[in-house]
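Subject: Handover of a structure for your review

Dear colleague,

Please find below the sequence and structure that I am handing over to you. My findings follow directly after them.

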Amino acid sequence: MAGIIHGLQGIFEILFIIGIGFILAKKGWFTSETSALLTKLVMKIALPLYMLCQLEKDFTHDSLLQIAPDLLLPFSSILLAYVVGRIAVKLFHIRQDRQGVFMTCFFIANTIFIGLPVNLALFGTQSVPSVMLYYMANTTMFWTLGVYHIVNDSTGGEKSMPLFSLKTLKKVLSPPLLGFLIGLAFILVNMKLPDFLLVSFQYVGNLATPLSLMVIGIEMSSISLASVHWDRDLVGALCGRFILCPLCVLALLPVISVTPMSAQVFTMQASMPAMTQMTVVAKSVGADVKYATQVSFLSVVLGLIVIPLYMFMLQSWGV
């Protein structure tokens, strides 16, 4: 029981910071202009630096090349969940201006702020390499396919960008993705940032998660919980996040061989709540931020039930 409570600490931390944004918005400290300013700060400054520092902190040239083959399962399972999400969009006739957020919920999870403490509580520090493998695949897919579809939401379904075009590249090649790619390049060429720069970047990068959560809180302050409609757009996205995404990992385990530790970690990572930055991206590109906020917030709340259930199942049966 103590392990489960410790594993849930990430969710309690998230709800606390969301609550700060919510209460201060209700008190009039934060406005919609504040939300827009924080979104710009996160997207253009904090997240790119966070991506660069996180990679340099967790990987070296040799360790990156050594674990590279094990990336096949996370990438494959996330792609499978993406395909399932695209099929679900058609089957359930999801509104065109919500399809990107809906699909992103199927294949993208909160792998660091919640996923890392949960896996540490379950499996100890030996789980960290597997956690970072899933994080790398998850981050790459979010800032490419996920952002591409959320950007398409902003058109209201009137037109859709082609997947391969210069316009698409300019939209998807966001500052956070550039930070991620620069971080990878630095690792591959064995280039290290000077310590004073790394520390400075880390301080600013650490703002990304709390500010993103405050944006969710600010946006939640303008939404009445009584107005939340548990329609197929919302229920379908949450089912994709908590049920179908981990099932995609389990479906591929017999086909793609990984260590028992990685199998368990990848399953847990796939069952985490929605990625925090989904709301920030939706707001920055003019997509349906109300829907993205509802999905993000409710996935965190439901995580209080779903995550202990998965933790208990893995502890009891293994994978």
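**The cavities and their linings**

Two helices, α3 (32–58) and α8 (128–153), each contribute at least two residues to the lining of the largest cavity. Please bear in mind throughout that this is a predicted model. The lining of that cavity comprises 15 residues, and those nearest its centre are Tyr-50, Ile-112, Thr-209, Met-275 and Gln-277. By class, the lining holds 8 nonpolar and 7 polar residues, with no charged ones. The space in the largest cavity amounts to about 190 Å³.

In total, the structure contains 2 cavities of 30 Å³ or more. The second largest cavity has a volume of about 30 Å³. Its lining is made up of Ile-14, Asn-110, Ile-216, Ala-274, Met-275, Thr-276, Ser-296, Ser-299 and Val-300. Helix α16 supplies the largest share of this lining, with 3 residues. The classes here are 5 nonpolar, 4 polar and no charged residues. Met-275 deserves a note of its own: Met-275 is among the residues nearest the centre of the largest cavity, and Met-275 also lines the second largest cavity.

**Overall architecture**

The secondary structure consists of 16 helices and 0 strands. Of the 319 residues in the protein, 55% are buried. When contacts between residues at least 6 apart in sequence are considered, 85% of them join residues at least 24 apart.

The largest nonpolar core has 101 residues, and Phe-107, Phe-142, Trp-143 and Met-268 have the most contacts inside it. Helix α8 gives the most to this core, namely 14 residues. Helix α8 also takes part in the lining of the largest cavity, as noted above.

In helix α15, the buried residues are Gln-277, Met-278, Thr-279, Val-280, Val-281 and Ala-282. Just after α15, Gly-286 adopts a positive phi of about 85 degrees.

**The salt-bridge network**

The structure holds 6 salt bridges. A network of salt bridges links Arg-95, Asp-97, Arg-98, Asp-231, Asp-233 and Asp-288.

Which residue forms a salt bridge with Arg-95 with the closest N and O atoms 2.9 Å apart? That residue is Asp-97. Asp-97 is partly exposed, at a relative accessible area of 22%, and Arg-95 is likewise classed as partly exposed, at 41%.

Arg-95 also forms a salt bridge with Asp-288, where the closest N and O atoms are 3.7 Å apart. Asp-288 lies in the loop between α15 (277–285) and α16 (289–317), and Arg-95 in the loop between α5 (72–91) and α6, so this pair ties together parts that are 193 residues apart in sequence. Asp-288 is buried because its relative accessible area, 16%, is under the 20% cut-off.

The side chain of Asp-288 meets that of Arg-98 in a further salt bridge, at 3.1 Å from N to O. This pair, too, links distant parts of the chain: Arg-98 sits in the loop between α5 and α6, Asp-288 in the loop between α15 and α16, and the two are 190 residues apart. Both Arg-98 and Asp-288 are buried.

**Two further residues**

Gln-99 belongs to helix α6, which spans residues 99–107. Is Gln-99 buried or exposed? Gln-99 has a relative accessible area of 19%, and because the cut-off for burial is under 20%, Gln-99 counts as buried. Leaving aside residues up to four places away in sequence, Gln-99 touches Val-89, Ile-94 and Asp-153.

Ser-222 is located in the loop between α12 (208–221) and α13 (232–252). Ser-222 is exposed, with a relative accessible area of 61%. In space, the C-alpha atoms of Ser-222 and Ala-25 are 8.7 Å apart, although these residues are separated by 197 residues in sequence.

With kind regards

Definitions and conventions. Residues numbered from 1 in each chain as written. Predicted model: local features only at pLDDT ≥ 70, side-chain atom pairs only at ≥ 80, totals over all residues. Heavy atoms only, no water. Helix = DSSP H or I, 4+ residues; strand = E, 2+ residues; numbered from the N terminus. Buried < 20%, exposed > 50% of the residue type's maximum accessible area, 1.4 Å probe, protein only. Contact = heavy atoms within 4.5 Å. Salt bridge = Lys/Arg side-chain N within 4 Å of Asp/Glu carboxyl O. 1 Å grid on protein atoms, 1.4 Å probe; cavity = no way out; pocket = protein on both sides within 12 Å on 5 of 7 lines; lining within 4 Å. Points joined across faces, edges and corners; volume = space filled by probe spheres on them. Nonpolar A, V, L, I, M, F, W, Y, C, P; charged D, E, K, R; others polar. Core = buried A, V, L, I, M, F, W, Y, C linked by side-chain atoms within 4.5 Å.
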